[in-house]
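Good morning, and thank you for the time. I would like to take the group through one structure, moving from its strands to its core and then to its charged pairs.

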2 protein chains.
Amino acid sequence: MRGTMMDYPLTLTTILERAGKFFPDVEIVSRAPDGSISRSNYGAFYRRARNLAAGLQRLGMKPGDRVASMMWNHAAHLETFFAVPCAGGILHTLNIRLQPQEIAAVVNHARDRFLIIDDVLLPLLAQFRDKVDFERVIVVRHTPAPLAPGDLDYEEFARGGGEDFRYPKIDENDGAAMSFTSGTTGAPKGVVYSHRALVLHSFVCALKEICNIGYDDTVLVIVPMFHVNAWGLPFTAAMLGARQVLPGPRYDAVSLLELMTREGVTLAGGVPTIWLAIADELEKNPGKWQFTKPVRAGVGGSAPPMELFRRLDRHGIEVKHLWGMTESSPLGIAGGLKPQIRAWDGQRQLEMRAKQGMPAPFVELRLMRPDGEAPWDGETSGEIEMRGPWVAASYYDDPSQKDRWSPDGWFRTGDVATMDADGYVKIVDRVKDLVKSGGEWISSVELENTLMGHPAVKEACVVGIPHPKWSERPLAAIVLRDGATATGDELRGYLATYFGKWQLPDAFVFLDTIPRTSVGKFKKSALRERYAGWDWTKSARS
Amino acid sequence: MRGTMMDYPLTLTTILERAGKFFPDVEIVSRAPDGSISRSNYGAFYRRARNLAAGLQRLGMKPGDRVASMMWNHAAHLETFFAVPCAGGILHTLNIRLQPQEIAAVVNHARDRFLIIDDVLLPLLAQFRDKVDFERVIVVRHTPAPLAPGDLDYEEFARGGGEDFRYPKIDENDGAAMSFTSGTTGAPKGVVYSHRALVLHSFVCALKEICNIGYDDTVLVIVPMFHVNAWGLPFTAAMLGARQVLPGPRYDAVSLLELMTREGVTLAGGVPTIWLAIADELEKNPGKWQFTKPVRAGVGGSAPPMELFRRLDRHGIEVKHLWGMTESSPLGIAGGLKPQIRAWDGQRQLEMRAKQGMPAPFVELRLMRPDGEAPWDGETSGEIEMRGPWVAASYYDDPSQKDRWSPDGWFRTGDVATMDADGYVKIVDRVKDLVKSGGEWISSVELENTLMGHPAVKEACVVGIPHPKWSERPLAAIVLRDGATATGDELRGYLATYFGKWQLPDAFVFLDTIPRTSVGKFKKSALRERYAGWDWTKSARS
């Protein structure tokens with residue numbers, strides 16, 4: 001027997017209406033590419049987003065049409081986040097850190113019909129515009145440069161015309177937004193987020209143990225808006241009337257700290273490298289940066305080293321560890337601590353905080369090994385498989401990837417983890433980044449995190465390199481802190497207090513920088529390639 | 001184009017699994033009818049609920065079958081809350097404060113097949129058992145009294161048998177629970193809550209501005225579990241691993257304060273009369289009750305008088321005002337304050353807190369008048385119409401009530417309210433309780449709340465009584481505080497500083513108690529009946 005409840009869909013239109021009508025005075029602070037700050041609010045945002053929605057429909061946008069964006073984090077991108085799906089379209093946020101030919105490939109794969117772009121990014125578009133077929137390009141003009149013939153001015157769309165706009169009928173399972181994976185594991189693969197997924201994700205993101213967002217928050221969206229819906233923060237903040245601060249293209253620590261201190265930011269979400277730079281800046285200039293309110297640092301994208309928790313704690317910034325993927329909208333696991341753990345001593349508690357945490361409500365996880373599910377013993381590792389209402393069931397138009405889902409429909413994340421008796425997940429590696437040594441698995445991530453706790457080490461990246469006897473052995477690429485010194489033997493000795501001898505890297509290389517992917521993660525494939533022919537006869541374990 | 005997300009249903013089984021697997025050690029504190037306290041946890045709860053689910057299926061319970069409960073708030077009722085819907089059934093919580101013949105009527109209307117009942121309530125069942133047709137009665141035994149022939153022992157069900165239990169396939173729109181309205185407005189009408197509604201309601205209930213529930217909370221569920229799913233608190237707490245305290249049948253202030261102080265309760269949900277009694281007890285015995293943690297008081301069911309906020313504030317209890325209905329699972333409006341309002345001076349801020357608050361995310365409201373929607377001016381009142389994913393679209397098997405929904409599908413709540421420019425709703429009356437005086441409406445609720453701010457007044461209830469000239473005029477029924485004195489003229493003078501002369505009650509009666517409904521609300525119909533022949537010639541405005 002069915003319930004007698006209303007058939008009321010979970011769509012982003014309800015969030016747009018709520019933000020505009022109940023929080024019209026709540027500020028949206030936006031930094032332009034030239035560094036200037038502009039101030040708007042949800043009232044203006046609401047009118048402009050609806051104007052843009054109406055304008056897109058006048059342009060001929062039909063339900064399900066893809067509208068691409070190439071923009072930094074600012075007010076116009078926020079308007080676009082809501083305008084496109086609320087007009088029935090699908091917003092395809094293009095990752096502007098990909099190579100031009102990669103961007104062209106995903107545009108063509110997604111069959112993007114329109115593009116909304118920052119004028120400062122037009123030179124990037126010029127590098128692949130002949131390879132794609134946008135029907136219309138709408139330009140957000142931050143500079144006085146004239147429009148190219150045929151291009152349209154964003155402001156003409158946002159300024160008016162939506163007074164009588166009416167939302168089309170939208171099913172909650174219709175697509176609202178679209179992202180492609182960053183390509184660390186092969187060709188980019190697309191995911192289409194439904195309205196339902198983004199709404200449910202907003203509720204989960206808001207929870208006390210996750211981002212804990214309410215009216216009194218000011219959310220700094222550091223994570224680029226072209227990276228998995230900016231982790232859903234713009235949607236969650238709008239639903240709950242939280243103030244938003246959008247930093248434009250300025251990702252250096254000083255610019256971010258300026259915004260955090262001046263705007264009274266209470267929550268900021270970004271990848272560990274950003275937070276490491278912020279910690280460096282805070283330590284370099286003691287007393288310079290004064291926070292008026294307690295700050296929570298949402299850290300995700302890759303695992304933050306344990307040392308980062310300690311360093312930010314000292315400045316009153318509480319790290320909230322989040323784990324997610326493009327394929328899960330992105331939130332899967334969050335690191336809130338159970339009350340009894342908060343009573344543990346410093347180091348033991350820190351170890352729990354450095355774990356990824358517990359699955360979010362309605363995300364189900366299991367750790368799969370060749371012989372079945374791993375027990376919750378904190379030691380046995382297995383690949384995380386995941387399911388839930390905001391987890392992808394397939395990639396967009398890519399049947400070749402079917403084996404990323406188990407026969408019973410769970411998504412295979414490619415992350416290897418343990419689960420302890422308290423239900424806390426700890427990622428130990430990517431399946432592909434495990435060092436397979438003599439039939440045993442060595443976690444490159446654990447070695448890296450421990451190395452990054454050494455005072456001389458700024459960054460560490462461990463990869464498995466082919467070895468004639470052991471199949472693979474670990475090589476550690478190290479970037480030292482400015483002015484610091486350390487030898488491979490010293491670091492090996494340091495690691496030996498934490499790891500078995502067979503797990504220690506047999507080779508150390510010292511670099512100025514570690515190669516990175518477009519989203520700032522270590523590009524391990526580049527290191528594996530560079531050192532593929534390593535001469536192990538000179539190493540500790542030959 | 002559809003999203004590529006998983007088709008993962010929102011059902012209570014996911015909450016049950018989460019509570020059992022991630023929070024097995026979190027305590028459930030339960031008071032039996034004899035006052036004794038027992039301690040369990042979500043681990044045991046999980047096994048026992050699954051055992052009961054398996055047992056119900058063995059008994060022949062089929063998907064959609066109604067299972068009634070007649071129980072106080074305790075661990076077995078909590079197990080039943082999950083076991084019945086997770087086995088595919090629909091839990092019909094019977095309001096044991098109704099008259100026996102009323103209970104029999106809703107049992108028959110709902111076609112309840114099984115009953116789970118506290119042994120201490122068997123005498124109540126005996127009063128209507130011959131009028132209903134339960135196939136099986138399962139008894140929760142709190143006393144050593146033997147089972148009646150044919151009745152089953154709850155413990156036999158909960159103790160084992162669910163080890164291999166598998167959830168049936170449940171659609172998120174399937175019914176999970178069922179309540180009837182309390183009958184203040186005519187015959188009880190049934191609502192069937194879907195799994196989807198209860199899950200979404202749990203997410204909303206958890207929000208920072210609403211109940212703000214997380215791992216570190218201890219939730220005292222004062223509101224009876226037979227009253228609209230105990231406002232969803234048991235589901236929300238289980239989803240988030242919050243500790244639960246269930247007070248059994250002891251609703252006196254001393255028993256509740258014992259639990260609150262001894263168990264470190266952080267959130268307690270109950271009706272204003274309960275909180276008024278708690279405030280009385282706190283004032284009577286200064287220093288006796290020491291709270292170890294800050295306490296939030298979830299207050300709903302009827303509007304708390306403004307004075308209650310002040311009185312509880314003094315003891316460090318923060319009132320969270322919630323408005324809801326049987327027809328909305330129940331949460332519709334919550335009273336979180338926008339940050340700018342928190343900066344207002346005491347009295348002005350208090351007036352905002354005493355309003356019902358803003359609609360919860362995904363609840364849509366409009367205030368309808370004969371001439372269309374009321375503006376958000378804080379003055380013009382209209383009937384609240386509501387829609388959302390956890391709002392009823394119809395009553396169960398009762399097509400005669402169709403006019404409770406507007407032609408475009410909004411639920412007509414029967415509550416009359418204003419909405420101010422900040423989006424805060426203030427209920428001014430029930431449509432049927434407005435005093436219709438000479439073509440104007442007078443709000444009985446505003447008069448009552450102001451009267452209850454007078455130091456001599458314990459309770460006040462205002463009703464419209466037929467009047468030869470004005471159609472109706474207000475009569476105020478007053479219960480004075482112990483030892484206090486006041487005359488009608490004095491109270492009239494007191495009111496005159498807040499209301500226009502035409503709004504003042506022309507008659508005052510002083511009573512020992514005000515008649516109440518089964519859920520503790522004033523029974524205005526009884527007063528209207530009692531004073532229907534009032535002789536207005538002796539009154540102030542004849």
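This is a predicted model: local features need pLDDT of at least 70, side-chain atom pairs count only at pLDDT 80 or more; totals for chains, interfaces and linings use all residues.

Let me begin with a strand pair in chain A. Strand S8, residues 175-180 of chain A, is joined to S9(A) by 5 bridges, and the two run antiparallel. Within that pairing, A:Ser179 stands opposite A:Val191 in S9(A).

How many of the residues of strand S9 of chain A are buried? The count is 5 of the 5 in residues 190-194, so the strand is largely enclosed by the rest of the structure. Both of its faces are covered: A:Gly190, A:Val192 and A:Ser194 are buried on one side, and A:Val191 and A:Tyr193 are buried on the other.

As a general point, nonpolar side chains in soluble globular proteins tend to be buried together. Here the largest nonpolar core has 322 residues, and those with the most contacts inside it are A:Trp275 and B:Trp275. Another core lies apart from it, with 31 residues, among them B:Ala456, B:Val457, B:Val462 and B:Ile514. As for the partners of A:Trp275, they include A:Ile222, A:Met260, A:Val299, A:Leu308, A:Leu312 and A:Ile317, leaving aside residues up to four places away in sequence.

The tryptophan of chain B brings us to helix H10 of that chain, where B:Trp275 is among the buried residues, along with B:Ile274, B:Leu276, B:Ile278 and B:Leu282. The buried residues of H10(B) pack against helix H9 (253-262), strand S12 (267-270), strand S13 (295-299), helix H11 (306-313) and strand S14 (317-324) of chain B. Does the length of this helix come out above, below or in agreement with expectation? With 13 residues, 272-284, at 1.5 Å a residue, H10 of chain B should span 18 Å, and its end C-alpha atoms are 18 Å apart, which agrees.

Next, the contact between the chains. It takes 78 residues from chain B and 78 residues from chain A. Together the two chains bury about 6,200 Å², with 66% of that on carbon and sulfur atoms. On the chain B side, B:Met1, B:Met6 and B:Phe362 lose the most area to chain A, together 15% of what that side buries.

One residue that reaches across is B:Leu200, found in helix H7 (residues 195-206) of chain B. B:Leu200 is buried, with a relative accessible area of 1%. B:Leu200 touches A:Leu10 and A:Leu200 as well as B:Leu10, B:Pro389 and B:Trp390, again not counting residues up to four places away in sequence. B:Leu10 is 190 residues from B:Leu200 along the chain, yet their C-alpha atoms are separated by 7.9 Å.

Finally, the salt bridges. Over all chains the count comes to 86, and 8 are found across the interface of chain B and chain A. In one of these, A:Glu172 pairs with B:Arg196, the closest N and O atoms being 2.8 Å apart. The side chains of A:Arg196 and B:Glu172 also meet in a salt bridge, at 2.8 Å from N to O. That pair crosses from helix H7 (residues 195-206) of chain A to the loop between helix H6 (154-158) and strand S8 (175-180) of chain B. Are these two partners buried or exposed? A:Arg196 counts as buried at 5% relative accessibility, and B:Glu172 is buried at 9%.

Within chain A, A:Glu258 and A:Arg31 meet in a salt bridge at 3.3 Å, N to O. They lie 227 residues apart, A:Glu258 in helix H9 (residues 253-262) and A:Arg31 in strand S1 (residues 27-31) of chain A. Here A:Glu258 counts as partly exposed, at 27% relative accessibility, whereas A:Arg31 is buried, at 3%.

Definitions and conventions
Residues are numbered from 1 along each chain as its sequence is written. Chains are lettered from A and ligands numbered from 1 in the order in which they are written. Side-chain values use heavy atoms; hydrogens and water are left out. A nonpolar core is a set of buried Ala, Val, Leu, Ile, Met, Phe, Trp, Tyr and Cys residues joined through side-chain atoms within 4.5 Å. Buried means under 20% relative accessible area, exposed over 50%, partly exposed in between (1.4 Å probe, protein chains only). Contact means heavy atoms within 4.5 Å. Helices (H or I, at least four residues) and strands (E, at least two) are DSSP runs, numbered from the N terminus. The expected span of a helix is 1.5 Å times one less than its number of residues. Two strands pair if DSSP finds at least two bridges between them. Buried area is the accessible area (1.4 Å probe) that two parts lose on being put together, summed over both. A salt bridge is a side-chain nitrogen of Lys or Arg within 4 Å of a carboxyl oxygen of Asp or Glu.
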